[in-house]
Amino acid sequence: MSNAEDPLKPEDPYPRVKALRDTMRAEGVPDSVPIVMAGGVWFLREWDNWIDNPELGSIAFQFGTRPLLTEESPIPQAWKDHLRTLEPGDVLLHRFSPTGFYSSAVKNPFLRKLEDRSERQIPYSKVQAGEHTVQLDVGVRGKNFWVAPRDLERARGWVAAGYTDGLRTPDDTIVFVAPGERAEIQQDQKDCMGCLSHCGFSSWKDHDDYTTGRLADPRSFCIQKTLQDIAHGGPIDENLMFAGHAAYRFKQDPFYSNNFTPSVKQLVDRILTGD
Ligand SMILES: Cc1cc2nc3c(=O)[nH]c(=O)nc-3n(C[C@H](O)[C@H](O)[C@H](O)COP(=O)(O)O)c2cc1C
Ligand code: SF4
């Protein structure tokens, strides 16, 4: 899914993939070049009409979530255990990723904290304009923060609740965070090792002048730090737990009952039977 699309308006993938194949054919790409159906595939039997279908040409299926729960999967045991407990709705498609793309992950305390941080957000302008008729007097230094009166009240409420520090975002808004959170955000930005070509969280860009030219976004996070941490045994509540939206099927699929964890070979054999 590209950033131009709306995840709240899901579309049937079949007509889209067919349209893609039509375009490929019109450009002379042979049908032997597969189109990879990536995301949300669990039982192959649910995709029967995609396989050996002359309308679509060759199709490959990519699995990201199911291989997480295999013997060979290197993720920590706590992450594997948690996958078995997920219910529909426990995975969130979100926009907090510093890559700027939609990203899907288990709705754990780490993700909820990012949701809450974005909730504690108000727009401002540097001059008095439109609705922005009062000056923000909490969370920020300086007087050049004009906000709507109702947002001033909200900001005062957050500060009273301990979210005392206002941080500017690249979208002319301010988010309110606790001092400890602010310190962590700033430390993570200082520790940036430039893993992305364009990073929303640090302003890093890997060429030209090495900056995206945008303010580092405190609503995002360092994906490098969090993935390193969770992969090496860090707490599963405080890090990003990547998972596709179909992860709740671990709990429902009898293949995994009695705590069974397949090897990769057993998983692939199982998928080939359609299950
Ligand atoms: C643990 C994990 C790590 C992933 N890492 C990447 C990645 O580095 N780059 C990427 O494009 N997609 C990544 N994905 C997304 C998978 O490509 C996507 O999940 C895949 O298309 C299969 O869909 P599924 O997870 O519904 O099986 C990751 C998914 C998971 C679950
Ligand atoms: S190391 Fe972290 S902050 Fe730096 S580019 Fe990568 S994700 Fe962004």
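These legends walk through close-up views of one predicted model.

**Notes for all views.** Residues are numbered from 1 along each chain as its sequence is written, chains are lettered from A, and ligands are numbered from 1 in the order in which they are written. Because the model is predicted, local features need pLDDT of at least 70 and side-chain atom pairs count only at pLDDT 80 or more, while totals for chains, interfaces and linings use all residues.

**View 1. The whole chain, to get your bearings.** The chain holds eight helices and nine strands; helices (H or I, at least four residues) and strands (E, at least two) are DSSP runs, numbered from the N terminus. Its C-alpha trace spans about 65 × 50 × 35 Å along the principal axes. Of the 275 residues, 26% are buried. Here a residue is buried if 20 or more other C-beta atoms lie within 10 Å of its own, exposed if 12 or fewer, and partly exposed in between, with C-beta atoms placed from the backbone. Take the contacts between residues at least 6 apart in sequence: 56% of them join residues at least 24 apart. Two residues are in contact if their C-beta atoms, placed from the backbone, lie within 7 Å.

View 2. A residue is near a molecule if its C-beta atom, placed from the backbone, lies within 6 Å of it. For the classes, Ala, Val, Leu, Ile, Met, Phe, Trp, Tyr, Cys and Pro count as nonpolar, Asp, Glu, Lys and Arg as charged, and the others, Gly among them, as polar.

View 3. Ligand 2 is surrounded by 14 residues, the closest being C192, C195, C199, S202 and C222. The shell divides into ten nonpolar residues, three polar and one charged. Please also look for W204, in the loop between α5 (179–190) and α6. W204 counts as buried because it has 20 C-beta neighbours inside 10 Å. Leaving aside neighbours within four places in sequence, W204 is in contact with C192, G194, L196, C199 and Y210. K9 lies 195 residues from W204 in sequence and 32 Å from it in space, C-alpha to C-alpha.

**View 4. The largest nonpolar core.** This core has 30 residues, and A105, L240, M241, A243 and A247 have the most contacts inside it. A nonpolar core is a set of buried Ala, Val, Leu, Ile, Met, Phe, Trp, Tyr and Cys residues joined through C-beta atoms within 7 Å. At least two of its residues come from each of α2 (77–83), β4 (103–106), α3 (109–119) and α6 (223–231). The largest share, three residues, is supplied by α3. Not counting residues up to four places away in sequence, L240 touches A105, F110, I223, T226, L227 and I230. Apart from this core lies another, of 15 residues, among them L136, W146, I174 and V175.

**View 5. L111 in helix α3.** L111 lies in α3, and it is buried because 21 other C-beta atoms are within 10 Å. Beyond residues up to four places away in sequence, L111 touches L92, H94 and A105. E46 is 65 residues away from L111 in sequence and 31 Å away in space, C-alpha to C-alpha.

**View 6. A three-stranded antiparallel sheet.** Three strands in the order β5-β9-β8 form an open sheet with antiparallel pairing. At the edges are β5 (121–123) and β8 (165–168), each pairing on one side only. From one strand to the next, the twist averages 30°; axes are lines fitted to C-alpha atoms, and angles run from 0 to 180 degrees between N-to-C directions. β5 and β9 (residues 173–177) pair over three bridges, where pairing requires that DSSP finds at least two bridges between two strands. The bridge partner of I122 in β9 is I174.

**View 7. Two loop aspartates with positive phi.** Which phi value does D52 have? Phi of D52 is near 55°, a positive value in a residue other than glycine. D52 sits in the loop between β1 (35–38) and β2 (59–62) and is exposed, with 9 other C-beta atoms within 10 Å. Phi of D208 is also positive, near 55°. D208 lies in the loop between α5 and α6 and counts as exposed because it has 8 C-beta neighbours inside 10 Å.
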